[in-house]
Amino acid sequence: MNTLRDFHGTPVFLCPAEGPLLLGEREAIDVIGEGSHAGASWVAVPVERLPDDFFRLRTRVAGDIVQKFANYRLGLAVVGDISRHLEDSPALRDFVRESNRGTQLWFVPDTAALAERLTPVR
């Protein structure tokens with residue numbers, strides 16, 4: 001079941017590991033709609049909900065999904081272990097590193113790490 005949690009004043013829509021894969025824009029829009037309706041600023045999607053093609057950048061699945069989240073002004077956090085995907089792709093390692101420097105897409109190991117990233121700087 002999807003839940004809305006507050007991480008240091010930021011509403012985050014947490015998707016469970018069980019559920020349909022985000023195969024592309026259509027499924028992304030469904031999640032975006034649910035997150036927006038709940039009042040979220042960020043959506044956390046477990047890696048289990050993403051197809052392998054998301055991590056193969058040449059397929060453009062990641063780009064299409066991330067662009068939809070950007071269009072709707074929602075941050076996207078990919079939550080979980082992606083090490084097996086990183087081993088095979090220098091391009092993905094670069095993409096993850098650059099994404100984690102930004103404010104739209106983050107790859108985090110767990111929700112505790114996401115909460116920490118959302119902690120306001122004092």
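Predicted model: local features only at pLDDT ≥ 70, side-chain atom pairs only at ≥ 80, totals over all residues.
Figure 1. Setting aside residues within four places in sequence, H85 is in contact with D52, F55 and L92. H85 belongs to helix α3, which covers residues 83-87. Its side chain and that of R84 are joined by a polar contact of 3.5 Å. The relative accessible area of H85 is 13%, so this residue counts as buried, the limit being under 20%.

**Figure 2. The largest nonpolar core.** This core holds 26 residues. V43, F54, F55, I65, F69, V78 and F107 are the residues with the most contacts inside it. Two or more core residues come from each of α1 (25-38), β3 (42-46), α2 (61-71), β4 (75-79), α4 (90-101) and β5 (105-108). Helix α2 gives the largest share, five residues. Another core, of 13 residues, lies apart from this one and includes F7, V79, V108 and A115.

**Figure 3. Contacts of F54.** When neighbours within four places in sequence are left aside, F54 is in contact with V61, A62, I65, V78 and F107. F54, I65, V78 and F107 are among the residues with the most contacts inside the largest nonpolar core.

**Figure 4. The five-stranded sheet.** The sheet is open, with its strands in the order β1-β2-β3-β4-β5 and with mixed pairing. Strands β1 (3-7) and β5 are at the edges; each has a single partner strand, so one side of each has no neighbour in the sheet. On average, neighbouring strands are turned by 25 degrees against each other, direction ignored. Helix α1 lies across β1, β2 and β3 and runs at about 140 degrees to β2. Helix α2 lies across β3, β4 and β5, and its angle to β4 is about 140 degrees.

**Figure 5. Strand pair β1 and β2, with P11.** Five bridges join β1 to β2 (residues 10-14), and the two strands pair in the antiparallel sense. Within this part of the model, P11 of β2 is the bridge partner of D6. Not counting residues up to four places away in sequence, P11 touches L4, R5, G39, A40, S41 and W42. One of these contacts, G39, is 28 residues from P11 in sequence, with a C-alpha to C-alpha distance of 6.9 Å.

**Figure 6. Strand β4 and its two partners.** Strand β4 pairs with β3 in the parallel sense over five bridges, and V43 has L76 of β4 as its bridge partner. Strands β4 and β5 also run parallel, joined by four bridges; here A77 has W106 of β5 as its bridge partner. Together, β3, α2 and β4 make a right-handed β-α-β unit.

**Figure 7. Side chains of β4.** Five of the five residues of β4 are buried. G75, A77 and V79 point one way from the strand, whereas L76 and V78 point the other way. Of these residues, V78 is among those with the most contacts inside the 26-residue core, while V79 is part of the core of 13 residues.

Definitions and conventions:
Residues numbered from 1 in each chain as written. Heavy atoms only, no water. Core = buried A, V, L, I, M, F, W, Y, C linked by side-chain atoms within 4.5 Å. Buried < 20%, exposed > 50% of the residue type's maximum accessible area, 1.4 Å probe, protein only. Contact = heavy atoms within 4.5 Å. Pairing = 2+ DSSP bridges. Axes fitted to C-alpha atoms, helices over the stretch in contact; angles between N-to-C directions. Polar contact = N/O pair within 3.5 Å; in protein donor to acceptor, adjacent residues only side chain to side chain. Right-handed = clockwise from strand over helix to strand, strands pointing away.
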